[in-house]
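User: I am new to this structure and would like to go through it step by step. Could we begin with the ligand?

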Amino acid sequence: MSRSLPAYITTPIYYVNDRPHIGHAYTTTLCDVWARAMRLDGRDVFFLTGTDEHGLKVEKSAKERGITPQALADENSAEFRKVMGLFGLTNDDFIRTTEPRHESQVKQFVEKLLASGDIYLGEFVGWYDEGQEEYITDTRAKELDYKSAISGKPLVRATEKNYYFRLSAYQARLEAFFAANPRFVRPAGRFNEVLGRVREGLQDVPVTRTNFTWGIGMPNAPEHVIYVWIDALFNYATALGLADGSSALAKDRARFWPPEYHVIGKEILWFHAVIWPALLMACDIAMPKCVYAHSFWISNGQKMSKSLGNFIDLPTIESYFAKYGLDAWRWYMATQGPIGTQDADFSPKHFHEVYTANLVNTFANCASRTSSMIEKYFAGAMPTADTSSMPTSNASGAPIWSAFTAHSASKTLQHYADFELAEAADTALSIVRSVDLLINETAPFKLAKDPANLPRVAQILAACAEGVRVAAVLLTPIMPTKCAEVLAAYGSPIEASDGMLAAARWGGLKAGTPIAKCAPFMRVDAPTT
Ligand code: ME8
């Protein structure tokens, strides 16, 4: 167990001009699974999420509603925080960019960059995507036929006297860093996109705006407001107090830097993979280990968007909680989501099929069959039997249980650590599939009809119970509540002092331990649409 090794993971900070929806829940849930897995492995985890509260969009939305931007930010940030609570998330902090602790540190960072000449005053003319509040390079604008890649609206030609970040000065250092760190951006396909754009040449980027006021004023030139993206990116560093290494916050948290993962959606990769590392280089701060850019949830093959009104919103998500439970939702997010380079279609039918196949027919069925038979034949106590050299199945060359589960457990943990959450889930579930196979092959319920077979039945059911227990340990980061339920029924809750691998070691369930009947997932009606 890698006790006390720090592990920092972040989500994007979400815009407060939008309501929380499946996309926000998705990224944050993935990070939560990772954070829980690393904590279970004994790591010293810091999991950060929060809200992005400045900028033109918030100023506009607030104006439309006739309230101040701060009032809008307070209201929607509170909504995000409340919603995150519903998903059983274990974030260690929730940062808001309107908090003094963030604003004062952003100013400190910017002052340093002004002093070093990395930020300078200049004039800029370029193609601007108003929806994204982002300048687009001339080459890229041409490729896009002068339309936004996100909204399809025409790009506008904008001129501004602004402060600029000398991004162009970091071209060579960034390229060298990327070459030396081939897993800096994942998945690999996304990294290739970034590298292609970087090779076209980097231009300096404006870091202030004068067309709105809702933001952090530039030190000594408050009519210039720090561009929301620069302000927002710094959240990952301000949450740990990095602007001032001698601060109480830094003393408490600086050890978490650098992040193991910045998890984001693909649309904001450029900021995280290029601008953020360059800003960090300029501030002399170590590079994050990985920027993981997942793809999008889509709906019936179409992008989910506010204008189409086809977002899986909170009330819809809550209807899934009511029908299938929170842990089933988390299972679907972790195993079926757009974690690779492909978008994933959210379909009620597919959700139901996955729930029934993996959770009802596999996980719950094994936990339930095993506990029922133990109750029936062994008075609800773990039977006494030696399973130390028992093979997992009758097939020739089948591994012995203890070796199979030890191998599966370390593979599962490695998958979690590598942010391969679907693979982690599948590896852990393969233990349950083996339990299922053992029951089907040996039919203990038939053997038990002859009392002479009871020692063999004891051995089979002891192996099944231990297999279910080990799988429940390994699946805890994805389904914390249901796995705790199974582990409690099997008389073996995870002790705080256990690491994941120690808790998953074969033989943890001692003979005589009371085992209660349990069925963690129930069959439910298929959706009609
Ligand atoms: O971009 N599928 O905030 P935001 C999956 N404030 N994930 C999705 C999604 C979808 N259909 N839609 C959104 C911002 N997301 C900035 C970030 S960070 C310094 C500043 C998720 O509220 C995904 O993680 O628009 C995406 O990157 C994020 O929500 C965008 O959230």
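User: What lies 2.7 Å from an oxygen atom of the ligand?

Analyst: In this predicted model, that is a polar side-chain atom of Thr27.

User: And which residue has a side-chain N or O atom 2.7 Å from a nitrogen atom of the ligand?

Analyst: That residue is Asp52. Gly265 also takes part, through its backbone: one of its N or O atoms is 2.9 Å from an oxygen atom of the ligand.

User: How much of the ligand's accessible area does the protein cover?

Analyst: On its own the ligand has 670 Å² of accessible area, and the protein covers 93% of that.

User: How many residues surround the ligand, and which are the closest?

Analyst: The ligand is surrounded by 23 residues, and the closest are Ile13, Tyr15, Thr27, Asp52 and Gly265.

User: What is the make-up of that shell by class?

Analyst: Twelve of its residues are nonpolar, nine are polar and two are charged.

User: Now the sheet. In what order do its strands come?

Analyst: The order is E3-E2-E1-E12-E13-E7, an open sheet of six strands with parallel pairing. E3 (93-96) and E7 (185-186) are the edge strands; each has a single partner strand, so one side of each has no neighbour in the sheet.

User: What holds paired strands together in general?

Analyst: Strands of a sheet pair through backbone hydrogen bonds, in either a parallel or an antiparallel manner.

User: How many bridges join E2 to E3?

Analyst: Four bridges join them, and the two strands run parallel; E2 covers residues 44-52. As one example, Gly50 has Ile95 in E3 as its bridge partner.

User: A change of topic: where is Ala62?

Analyst: Ala62 sits in helix H2, which spans residues 56-65.

User: Is Ala62 buried or exposed, and why is it classed that way?

Analyst: Ala62 is buried, because its relative accessible area is 0%, and buried means under 20%.

User: Which residues does Ala62 touch, leaving out those up to four places away in sequence?

Analyst: Ala62 touches Ile67, Thr68, Pro69 and Leu72.

User: And how far apart are Ala62 and Lys517?

Analyst: Their C-alpha atoms are separated by 54 Å, and the two residues are 455 residues apart along the chain.

Definitions and conventions:
Residues are numbered from 1 along each chain as its sequence is written. This is a predicted model: local features need pLDDT of at least 70, side-chain atom pairs count only at pLDDT 80 or more; totals for chains, interfaces and linings use all residues. Side-chain values use heavy atoms; hydrogens and water are left out. A residue is near a molecule or strand if one of its heavy atoms lies within 4 Å of it. A polar contact is a pair of N or O atoms within 3.5 Å; within protein, one must be able to donate a hydrogen and the other to accept it, and residues adjacent in sequence count only if both atoms are side-chain atoms. Accessible areas come from the Shrake-Rupley method with a 1.4 Å probe; for residues, only the protein chains shown count as cover. Ala, Val, Leu, Ile, Met, Phe, Trp, Tyr, Cys and Pro count as nonpolar, Asp, Glu, Lys and Arg as charged, and the others, Gly among them, as polar. Buried means under 20% relative accessible area, exposed over 50%, partly exposed in between (1.4 Å probe, protein chains only). Contact means heavy atoms within 4.5 Å. Two strands pair if DSSP finds at least two bridges between them.
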